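Subject: A structure for you to explore

Hello! Here is the structure I promised to send you. Have a look around it, and then read on for what turned up.

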Amino acid sequence: MTVYRGIDELIGETPILDVSQLSPNSNVQILAKLEGSNPAGSVKDRIAKAMINDAEMKGLLTPGQTIIEPSSGNTGIAMAMIASQRGYPIVVVVPESISVERRQLLEIFGAEIIFTPGEQGSNGSVRVARQMAAEHPEWAFLYQYGNDSNPRAHYETTGPEILRDVPDISHFVAGLGTSGTLMGVGSYLKEMKKSVQVWAVEPPAGENVEGLRSLDDGFVPPVFERWGGQDLLDRKMIVRPKESIECARLLVKEAGLFAGISSGAALAGCRKAAAQIESGVIVFVVCDYGWKYLSTGAWTSDLDSATASAEKIIYF
Amino acid sequence: MSISVRLPTVLRPHANGEARLDVDGETVGEIIEGIVRKFPGMETNLLDQDGSLHRFVNVYVNDEDVRYLDKMATAVMDGDELSILPAVAGG
């Protein structure tokens, strides 16, 4: 075994687990790419490292400079982990509706946390972070929603790992947040193997954003538009909290895999895809493990009250 | 044929506060037209000037985004549910 010299060297090269026992079609394999195995616990470790390395290389981030980032949690946690090791103070702007565990992890890695109203969802955090970045031109604003290093990290690492480990992949399924994973992995896979289908799964996020004044406050990540998201994706579907939790429970029961709620949503998307095709090999992203969602009771409360708790937090 | 339409909070003021509407139509485009006919204030919220879906609006038939099906021509059938949601940030 290699001895690693820094925690960020452990990012990437995640394992893939066959969970085909959960496939509704015996001719369709379902494989889980375990991004929860990254050191700060999510797929976002990859983009945090890529964005920080890129900014350092371009001279946009210099020793001791403060970083500011809007996040629904995972990106902030990953950036705070790396920032703590490289000596950058970091301010993370998050909706107050993130789970208590996400908040604790940000604290553990030394981030200063700014909360925005829960009813504004992630849009509120994006708005406030942009304002603060404008007021503090001396800070580094890497902005995951608009930073090409985000999809590029997946184009250069996650995508090639998947194709190397699963050359017969037919479908790729992942959650849609910044769209970085889908844009980067999707572009790479389609370039290398045109027949691969790319399916996006999302929570009914806009339903709970009560604080939206008008639709003009809507948001499509610049990354999605620049990478041609509308042409790249083959399907996009909502998976609701209840089904997401049911599938997260199935992963534990049938595969011993303790994955986060959004991974349950991704599995639901895989099962839909598997039921619609004759045969194939579906790879989906387990973007984090379940630890950060224990407080929702997703695995321990009855389904209805777990669903009600999950509806109150941002788990994507 | 009557389709059940779910409206997000942000659009309800334009529909007399209703959260759900029943609208007749055979395609997503016909349903959207039906909504606009009933509530003209919805037009600029749902459609761009060229008649395509507003950039910050996502429309789903049984939770599938119609932009990746047949867009406005996506067929709807009895018992289908159409949801309109604002595009918001994730991640």
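How many bridges join strand β3 of chain A to β6(A)? Two bridges link β3 (residues 67-70) of chain A to β6(A), and these strands run parallel. Within β6(A), F141(A) is the bridge partner of I68(A).

Before going further, some ground rules. This is a predicted model, in which local features need pLDDT of at least 70 and side-chain atom pairs count only at pLDDT 80 or more, while totals for chains, interfaces and linings use all residues. Residues are numbered from 1 along each chain as its sequence is written, and chains are lettered from A and ligands numbered from 1 in the order in which they are written.

**The sheet in chain A**

Strands β5-β4-β3-β6 of chain A, in that order, form an open sheet of four with parallel pairing (two strands pair if DSSP finds at least two bridges between them). At the edges are β5 (112-116) and β6 (140-141) of chain A, each pairing on one side only. Helix α4 (residues 121-135) of chain A packs on this sheet and touches β3, β4 (90-95), β5 and β6 of chain A. In contact here means C-beta atoms, placed from the backbone, within 7 Å. The direction of α4 makes about 150° with that of β4(A); axes are lines fitted to C-alpha atoms, for helices over the stretch in contact, and angles run from 0 to 180 degrees between N-to-C directions.

**Chain A as a whole**

Chain A has 12 helices and 10 strands; these are DSSP runs numbered from the N terminus, helices being H or I of at least four residues and strands E of at least two. Its C-alpha trace spans about 55 × 40 × 40 Å along the principal axes. Of its 316 residues, 57% count as buried (20 or more other C-beta atoms within 10 Å of a residue's own; 12 or fewer is exposed, in between is partly exposed, and C-beta atoms are placed from the backbone).

**Two residues in chain B**

Most residues other than glycine have a negative phi. N62(B) has a positive phi, near 45°, and lies in the loop between β3 (57-61) and β4 (64-65) of chain B. K71(B), also not a glycine, has a positive phi of about 50° and sits in the loop between β4 and β5 (81-86) of chain B. N62(B) counts as partly exposed because 13 other C-beta atoms lie within 10 Å; for K71(B), also partly exposed, the number is 15.

Enjoy exploring!

Definitions and conventions:
Contact = placed C-beta atoms within 7 Å.
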